[in-house]
Amino acid sequence: MTPRLRQAWILLGLGTLLAGCGGNQNTVAPASHPERSVADVFWVMLGVSCVGFGVIVTLLFLGWARRDRPSLPGGGGERAATRVVIGLGVALPIVLLVSLFIWSDLFVLRSVAAPTGRTPMTVRVTGHQWWWEVRYPGSGVVTANEIHIPVETKVTALVTTDDVIHSFWVPELNRKVDMIPGVTNRLLLLADKPGVFRGQCAEFCGLQHAHMSVEVIAEPRPMFDAWLARNAKPAPRTNALFTRNCSGCHQIRGTSAKADVGPDLTHFASRRSIAALTLPNTPANLRDWLRDPQHVKPGNRMPDLPLKQPQWVALQRYLESLR
Amino acid sequence: MAVAAPSRERARIEALERAWLERPGALGWLTTVDHKRIGLLYFWTTLVFFAAGGIEALLMRTQLAQSGERVIGPETYDQLMTMHGVTMIFFFIIPMTTGAFGNYLVPLMIGARDMAFPRLNALSYWLFLGAGIFMYSSFLVHQAPNAGWFDYVPLALRRYDGGANVDFYALGLIFNTVSSTIGALNLIVTIFKLRAPGMSWNRMPLFCFAMLAASLSLIFALPALTADCIFLELQRKLGFHFFDQAHGGDPLLWQHLFWIFGHPEVYIIVLPAFGIATSIIPTFARHRMVAFPLVAMAELLVAFIGFGVWAHHMFATGIATTTLVFFAAASMLVVIPSTIQIYAWLMTVNVGTPQFRAPLMFIGGFILFFVIGGLSGIMFAAIPFDQATTDTYFVVAHFHFIIFGAAVFPLLGGIYYWFPKVTGRMYDERLAQLSFWLTFVGTGLTFFPMHIVGLLGMTRRIYTYDHGLGWDAYNLVETIGGFVLAAGLLLIGINIVLSYRRGVPSGRDPFHGGTLEWTTTSPPPHYNFAVIPTVSSPYPNWDEADREEDLRKLARGELVLADGHETPETTVNDGAISAVAEMPPESPWPVLAAGTVTAAFFLLLTSHYATAGMAFALMLLTLVGWNLHEPEEGVG
């Protein structure tokens, strides 16, 4: 669809509501060409649907307006009515549905399909109750809840789960794909322009399904390369308080904390959010989160820790140093 | 037929009264086998469940009215969300359509005096009640089902859901499916064997075609769900590995079996509603249905094709592209029978001279909502779009337009339409039209904005959401709409209660309906028809000569069958009388049998397997008692 034609649709009632507003999790504000083809399918279907709905409303209205006249608007009785049923109820839908089928399910489907060959880059995304583990094969980089990718580069996301079924979905970049135990599904991640694209777990996965979000950060290649290099480094120092209280679940590369129950925290301070986008990563939020994670995100796996005031401050200072 | 009958005719009617009389009082309701009384029991019970499901919905909408709301926590929200789905599907719509409407109306429409298996009919009601009590008792121990009505594994396995929540779900549904299966079988046999003389297939009311299609779907779809739930309980309670990929099981097995049931289920839900629409439209349009045979075929076709589309619920699971394309094609195919019906309804309205009274207004609303829900449904057959929007509020919007707009609206219209038949009194037309506008506007406000938030990325089954995603205003409108809708529904309830007490007597046939239920008194006598009517068209009440002939037959004593508790059996295709069936009298055994089964399920829940086995054995004993009072011959 040409931009002008699309704009015409956007001006149509719904479009004005949809296209401009909203956060950055908008199915019909595509930032990649696979997603753009999905949005095109939608706008065309919406257009045809509006016409179809208009026909139905008109017929119902005519039924009401001509309620005292026992014939069709153009004259004719039951036989003519039966012909309308066959024409509009059988023949026309067959033509429209076959066209839609050929276009969307045979052609467009290919553009959103997972890449079959090798792509320039691969990330592994694993769903956990209720956060995302992100690994960059070959670099040793592990992070959580944010996926950095270079812009205009095809990235294969290999997705699976560590526990229940989740669904990986970044609406402005591509379709969604489920994360199923024992299965690794593939998805093409591609951003045509730099930006932060929000995504959210789309399959009900328990208590905190609502707080399982992810961000894809698409950057120009040099910035991405710098990010990757920085994140490949181990942490500069260890911290006894962290090792004693947190190493049962978390890993900080370069220290003795090596567990993989919770997110890797090696570069925690450089991340944009806490607890899968539950809170922005600010000092005040980190303070609230550390002291009472069960209040912020009820039911999550992080326990309340029995620490004293100076220890809290020290622990927070250490985490904030992990850039 | 309350004509001033000469003494011979009065004697025949009195003989019928005696033969069909049931015990009065509360005990009479426990032992009744009268399809009309069982239908009313179903009606009131499902209304209670409807209210429960509605309150659950309003609580959820209150929590979602604004971002970051803390009215209810995630634990409660998940239980409400699961129970809302389970209740509306299994304890409201199926029992309301097949149990209440089907039970009450099918025998009347086909000119029979009862269902084919009256005691089995009672059993299916009492089992349904037992299953409902079982499912809802979970709230008393704060362990209501919480893994969603779709209950995906491994989330629903013991490892991630350790309480009794999912056991209530799985056992409760196994229990419920037994009741639904019995009810569906009963409807099928009734429609096959008890149609009035002359009612060949081409003269059967479309309502009965719809009920037949829904019942056939039920008996083929429910076993998949039952098997799925049995597998789940075997894995949860006894350590089997059906869904455990580490031991050769597969979590997707649950989804396949669930949706093999779950999609036909959608048609099970809407088919009876189509049936109600095809009853109301000809009556108020004062014209028979346009394209009658096409509509009958379409109803059966929907039920059939509905079995080939289940995997469109699984387009995002990563199954093979070939599979996706096959199921997408089938999902498009299933559109055709629906478009046939939509245009047949609209053309009937256009070709007739419709009176837009409350029942027809609800059907008008139904058509609009069904088209909206149908169009968004077609969108999901476009695989890439489905993969983008599945599990968002776009889906929630879609299926609420189908389930609420297309299935419940005709039910509401049907309640008004048959209210005079069931009670003998008229409903209040002005209140009824007001209730239509409230529910119509409420439904639109509640469910339409969900399309938009869905496209804006709002996923389903979340108990809260962040500010700044552009979802707040839409959600607030939805919540307000929910309360408007609730007010409209409440007004229908008020109208029913007031009209039941103070309504104007309606007489036999206030709307000049075409089908047989309008030929008998309102409310119908226990034996339904003094003379078994003989049928020569799909709209026998419009065939005045036939009905006058019925009166003459009463005088002659033909087809009165007043010698006993009898109804005629007819041949399956042509509806020619083949035998006279002696029907069983009222019986305490169905309620006792259902009581033992309920006890058995509670014992299974608490893992008392030996005692549960004893309860099932006790149930077999009640069946012995049941069979001791078998009528000499017949289908009872």
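Predicted model: local features only at pLDDT ≥ 70, side-chain atom pairs only at ≥ 80, totals over all residues.
**View 1. A nonpolar patch lies on the surface of chain A.**
Val44(A), Val48(A), Leu92(A), Ile94(A), Leu96(A), Val98(A), Ile102(A), Trp103(A), Leu106(A) and Phe107(A) make up the patch. Together these residues have about 800 Å² of accessible area. Two helices of chain A, α3 (33-65) and α4 (78-112), each supply at least two of the residues. The largest share comes from α4(A), which gives eight residues. One member, Val98(A), sits in helix α4 of chain A. Val98(A) has a relative accessibility of 44% and therefore counts as partly exposed, because that class runs between 20% and 50%.

**View 2. Chain B and chain A meet in an interface.**
On the chain B side, 86 residues are in contact with 85 residues of chain A. The size of an interface is often given as the accessible area lost when the parts come together. Here the buried area is about 7,000 Å², and carbon and sulfur atoms give 72% of this area.

**View 3. Polar pairs and salt bridges link chain B and chain A.**
Three salt bridges are counted between chain B and chain A. In one salt bridge between the chains, the side chain of Glu78(A) meets that of Arg288(B), at 3.2 Å from N to O. On the side of chain B that touches chain A, two or more residues come from each of α4 (74-110), α8 (251-285), α10 (321-333), α11 (335-351), α12 (358-380), α13 (383-389) and α15 (429-455) of chain B. Of these elements, α11(B) gives the most, with twelve residues.

**View 4. Asn285(A) is a buried residue in helix α7 of chain A.**
This helix covers residues 283-291. The relative accessible area of Asn285(A) is 17%, so the residue counts as buried; the cut-off for that class is under 20%. A polar atom of the Asn285(A) side chain lies 2.9 Å from the backbone oxygen of Pro280(A). Leaving out residues up to four places away in sequence, Asn285(A) touches Ile274(A), Leu279(A) and Pro280(A).

**View 5. Glu22(B) and Arg37(B) form a salt bridge.**
Over all chains, the whole structure holds 20 salt bridges. In this one, the side chains come to 2.9 Å, N to O. Glu22(B) is in the loop between α1 (7-20) and α2 (25-31) of chain B, and Arg37(B) is in helix α3 (residues 35-64) of chain B, so the pair ties together parts 15 residues apart in sequence. Glu22(B) and Arg37(B) are both buried.

**View 6. Arg61(B) and Glu478(B) form a salt bridge.**
The N to O distance is 3.1 Å. Because Arg61(B) lies in helix α3 of chain B and Glu478(B) in helix α16 (residues 472-502) of chain B, the pair ties together parts that are 417 residues apart in sequence. Both Arg61(B) and Glu478(B) are buried.

**View 7. Asp167(B) forms a salt bridge with Arg236(B).**
The closest N and O atoms of the pair are 2.8 Å apart. Helix α6 (residues 165-193) of chain B holds Asp167(B) and helix α7 (residues 206-238) of chain B holds Arg236(B), so the pair ties together parts 69 residues apart in sequence. Asp167(B) and Arg236(B) are both buried.

**View 8. A network of salt bridges occurs in chain B.**
Glu549(B), Arg552(B), Arg556(B) and Glu558(B) are joined into one network by salt bridges that share partners.

Technical notes. Residues numbered from 1 in each chain as written. Chains lettered and ligands numbered in written order. Heavy atoms only, no water. Patch = residues over 30% accessible without salt bridge, like charges linked within 9 Å, V, L, I, M, F, W, Y side chains within 5 Å. Areas by Shrake-Rupley, 256 points an atom, 1.4 Å probe, with all protein chains shown as cover. Salt bridge = Lys/Arg side-chain N within 4 Å of Asp/Glu carboxyl O. Helix = DSSP H or I, 4+ residues; strand = E, 2+ residues; numbered from the N terminus. Buried < 20%, exposed > 50% of the residue type's maximum accessible area, 1.4 Å probe, protein only. Contact = heavy atoms within 4.5 Å. Buried area = accessible area lost by both parts, 1.4 Å probe. Polar contact = N/O pair within 3.5 Å; in protein donor to acceptor, adjacent residues only side chain to side chain.
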